[in-house]
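Here are my notes on this one, jotted down point by point. Have the model open while you read.

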Amino acid sequence: MKKGRNILFVLMLCTAVVYSNHFDNSFHFDDSHTIVNNLSIRELAIPKFFRDGSTFSSLPANQSYRPVVTTLNAIDYSLGGNNNTFWFHLSIFASFLLAGVLLFIFLLHLLNKIPGGRFNTEIALFINGWFWLHPANAETINYIIARSDSFSTCMVLLALVMYCCWPFAKRFFLYLIPFIIGFLAKETAIMFLPLLFFYELFFGEKDVNAAVKRLIVPMLVSAGLLFLYKQMLPGSWQAGGDYTKTGYWMTQPFAVFHYVCNFFLPVNLVADTDWKIITSMSDTRFLTGTACLFLLMIVGLIFSFKPQLRLAGFGIIWFLLTLLPTSVIPLAELTNDHRTFFPYIGLFIAVASILQWIVSKKVRAFENKQIILFLQVAALVFFGWLALATWQRNKVWHSEYSLWKEVTIKAPGNGRG
């Protein structure tokens with residue numbers, strides 16, 4: 001385990017080096033009305049942030065109730081001022097590193113739940129390095145106001161670690177504290193409840209009624225948070241989408257396909273797309289996305305009933321569940337690559353489970369020194385490619401010029417570009 005901690009520390013240092021060129025990247029998109037032109041954050045009036053959702057943004061239509069994000073923005077603003085992005089990026093990056101450590105702990109816990117698993121620490125370390133260096137995550141980390149995604153995900157992971165690994169925190173419901181904080185950073189953290197239900201169903205009670213009884217308190221807290229959110233959400237807030245609900249929903253399966261492709265081969269990342277809404281069921285994009293969605297659901301269901309691959313089923317369910325909020329509520333953009341930070345955790349879990357299953361089937365081969373050396377070299381090459389891609393994504397987000405120049409190339413139909 002000591003060796004594992006040392007490797008984790010090395011991965012953390014490598015991540016810091018890869019992201020060293022992003023700390024002076026500028027504000028973009030919604031940063032303008034939530035930070036640059038938001039007079040509310042120029043004072044650390046923290047109690048007011050929790051009482052008044054209008055402090056989140058200077059634009060009435062964008063005034064959501066996310067007081068934790070407003071508080072973090074106000075703190076970073078007090079340290080650096082209006083034009084200094086360093087403190088914003090530093091605090092976001094710190095929570096990103098923490099999320100990686102929590103993912104390692106949680107993933108190792110899950111892998112150890114599967115009987116007969118071998119090389120669990122090594123698999124968890126590989127997945128952790130992939131998470132930290134994945135170029136798609138750079139979309140979230142570079143976009144300052146998207147700290148709502150990264151920080152809320154970090155809090156959900158902390159809540160899960162406390163629930164699964166710390167009996168004291170579970171017994172006295174202390175794990176609900178980071179869950180509440182995460183929800184107040186972004187309401188998508190509410191998916192912590194169904195994730196906890198499936199965790200109990202797969203690895204705990206293994207009975208629906210028993211799992212529901214176990215989660216009565218989290219259910220009550222979740223209901224209270226949703227009620228609070230509804231009461232505190234300013235009446236001026238709008239989701240932003242001017243699409244029909246049917247058209248938006250028909251487009252989301254292809255968004256899922258896009259996200260899956262970018263997870264395994266992140267070459268189609270762009271800050272602002274030129275997607276057009278899907279209006280026909282005969283559209284190849286709709287057919288492709290629907291096929292991908294059904295395949296994920298079927299594979300996840302099949303894996304859920306196989307003891308050795310149940311964890312992969314859990315990961316696929318995680319991915320689909322956490323995409324639901326942005327897939328159901330019509331938003332201003334049909335797709336955004338920074339939305340995947342939370343859902344991708346599920347795919348990382350699924351890949352870890354499949355790797356564990358492969359290793360358990362070919363355990364003798366993986367004990368061969370030459371094969372181990374080959375895999376280590378392959379992992380280093382893979383991490384090197386990820387690091388280079390992430391370094392380049394950081395450069396794209398450096399300024400308005402570099403960002404929009406790429407948009408005109410990758411999304412030539414984008415009007416803003």
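1. First, the ring pairs. Rings of Phe, Tyr and Trp (its six-membered ring) count as a pair if their centres lie within 6.5 Å; planes under 30 degrees apart are called stacked, over 60 edge-to-face, and the rest tilted. On that basis, a search of the whole structure turns up 44 aromatic pairs. Take Y143 and W397: the ring centres are 5.7 Å apart and the planes sit at 25°, so this pair is stacked. The pair ties together distant parts of the chain, with Y143 in the loop between α7 (135-142) and α8 (147-165) and W397 in the loop between α18 (369-396) and α19 (400-410), 254 residues apart. Helices here are DSSP runs (H or I, at least four residues), as strands are (E, at least two), numbered from the N terminus.

2. A word on where the values come from. This is a predicted model, where local features need pLDDT of at least 70 and side-chain atom pairs count only at pLDDT 80 or more, while totals for chains, interfaces and linings use all residues. Residues are numbered from 1 along each chain as its sequence is written, and side-chain values use heavy atoms, with hydrogens and water left out.

3. Are Y143 and W397 buried or exposed? Both are buried, meaning under 20% relative accessible area; exposed is over 50%, and partly exposed is in between (1.4 Å probe, protein chains only).

4. Now the core. A nonpolar core is a set of buried Ala, Val, Leu, Ile, Met, Phe, Trp, Tyr and Cys residues joined through side-chain atoms within 4.5 Å. The largest one has 122 residues, and F106, F131, F314, W318, F319 and I349 touch the most other members. Helix α5 (residues 86-113) supplies the largest share of this core, 14 residues. For F131, contacts (heavy atoms within 4.5 Å) beyond its neighbours within four places in sequence include F96, L103, F341 and F348.

5. Have a look at T34, in helix α2 (residues 31-36). T34 is buried, at a relative accessible area of 1%. Its side chain reaches the backbone oxygen of D30 at 2.7 Å. Leaving out neighbours within four places in sequence, T34 is in contact with I41, F56, S57, N73 and I145.

6. A239 is in the loop between α13 (216-232) and α14 (245-264). With 28% relative accessibility, A239 is partly exposed. A239 and A61 are 178 residues apart in sequence, yet 8.0 Å apart in space, C-alpha to C-alpha. Setting aside residues up to four places away in sequence, A239 touches I329, P330, L331 and A332.

7. For C261, the nearest is that of C292, 6.9 Å away. C154 is buried at 0% relative accessible area, whereas C261 is partly exposed at 31%.

8. Two backbone spots to check. F29 has phi near 50°, a positive value in a residue other than glycine; F29 is in the loop between α1 (2-18) and α2. F173 also has a positive phi, near 60°, and lies in the loop between α9 (167-171) and α10 (176-185). F29 is partly exposed at 22%, and F173 is partly exposed at 35%.

Methods: Polar contact = N/O pair within 3.5 Å; in protein donor to acceptor, adjacent residues only side chain to side chain. Disulfide = S-S within 2.5 Å.
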